[in-house]
Amino acid sequence: MTTTVPAESPGPSVRRAVRADLLAVFRIEQASFPQPWPYSAFERFLSEPGFLVAEVGGPGPSGVVGYVVADTVPNHGQPLGHVKDLAVHPERRGGGIGTRLLQRALTVLEEQGVQSVKLEVRANNDRARSLYERFGFTHRRTIPNYYDDGEDAHVLVR
């Protein structure tokens, strides 16, 4: 992966998720998505190096304020990165936390030998698509009715 990504700026600390983070992660998931993952889904990814959380202090929500879940899947003998989930607490959006999380997740995947990363995003989620495009993701295809509510997903690849 040789695409230039936005430079990191001072801000939240990002680290691997631990069991004690799961309730905060689950609450952010519920506040962020109309069809949230169940708590048990996050438990299954605890061993993944690409399950990361962002922590901040200060005014507003503090502690864990965002997370990303990324892993690798086999792909014709080369590992393919898959960003499965990324969310930031609604009151902390717009401050670079999603950027920091995605950048760290891509670094973790690259350290695992990944050269290509994919993800699915709601077709109407302009804010998320904009973030991904800044990191070099491009639209590859659309999956009709991907989400339970009938919305399409855009498959993006970097």
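Which residues does Glu151 touch, not counting residues up to four places away in sequence? I looked this up first. Glu151 touches Arg122, Ala123, Asn124, Asn145 and Tyr146. Contact here means heavy atoms within 4.5 Å.

**Ground rules**

I am working on a predicted model, where local features need pLDDT of at least 70, side-chain atom pairs count only at pLDDT 80 or more, and totals for chains, interfaces and linings use all residues. Residues are numbered from 1 along each chain as its sequence is written, and side-chain values use heavy atoms, with hydrogens and water left out.

I placed Glu151 in the loop between strand E6 (138-143) and strand E7 (153-157). Helices (H or I, at least four residues) and strands (E, at least two) are DSSP runs, numbered from the N terminus. Glu151 is buried, with a relative accessible area of 14%. On this scale buried means under 20% relative accessible area, exposed over 50%, and partly exposed in between, with a 1.4 Å probe and protein chains only.

Then I turned to Arg122, which is found in strand E5. Arg122 is buried too, at a relative accessible area of 10%. The side chains of Arg122 and Glu151 are joined by a polar contact of 2.6 Å. A polar contact is a pair of N or O atoms within 3.5 Å; within protein, one must be able to donate a hydrogen and the other to accept it, and residues adjacent in sequence count only if both atoms are side-chain atoms. I also listed what else Arg122 meets, leaving aside its neighbours within four places in sequence. Its contacts are Pro34, Gln35, Arg129, Tyr147, Asp149, Glu151 and Asp152.

**Entry: the largest pocket**

I read off a volume of about 920 Å³ for the largest pocket. The closest to its centre, of the 34 residues that line it, are Phe33, Leu86, Asn125, Ala128 and Tyr132. Two or more lining residues come from each of helix H1 (22-32), strand E4 (78-88), helix H3 (97-111), strand E5 (116-122) and helix H4 (126-134). E4 gives the most, with seven residues.

I noted the terms. On a 1 Å grid over the protein atoms alone, a pocket is an open set of points where a 1.4 Å probe fits, with protein on both sides within 12 Å along at least five of seven lines; lining residues have an atom within 4 Å of a point. Grid points are joined across faces, edges and corners, and the volume is the space filled by probe spheres set on the points.

By class, the lining has 15 nonpolar, nine polar and ten charged residues. Ala, Val, Leu, Ile, Met, Phe, Trp, Tyr, Cys and Pro count as nonpolar, Asp, Glu, Lys and Arg as charged, and the others, Gly among them, as polar.

**Entry: the nonpolar cores**

Which residues have the most contacts inside the largest nonpolar core? I found Leu101, Leu102, Tyr132 and Phe137, in a core of 27 residues. Strand E2 (50-56), strand E3 (63-75), E4, H3, E5 and H4 each give two or more residues to this core. H3 gives the most, with seven residues. Apart from this core lies another, of 14 residues, among them Val25, Val53, Val64 and Ala87. A nonpolar core is a set of buried Ala, Val, Leu, Ile, Met, Phe, Trp, Tyr and Cys residues joined through side-chain atoms within 4.5 Å.

I followed up Tyr132. Leaving aside its neighbours within four places in sequence, Tyr132 is in contact with Leu86, Leu102, Leu119, Val121, Phe137 and Leu156.

**Entry: the loop between H3 and E5**

Val114 lies in this loop. Val114 counts as buried, at 2% relative accessibility. Gln112 is partly exposed, with a relative accessible area of 32%. Beyond its neighbours within four places in sequence, Gln112 is in contact with Pro49, Thr72 and Pro79.

**Entry: two positive phi angles**

I checked backbone angles in two loops. His76, in the loop between E3 and E4, has a positive phi of about 55° although it is not a glycine. His76 is exposed, with a relative accessible area of 81%. Asn145, in the loop between E6 and E7, also has a positive phi of about 55° and is not a glycine. Asn145 counts as exposed, at 55% relative accessibility.
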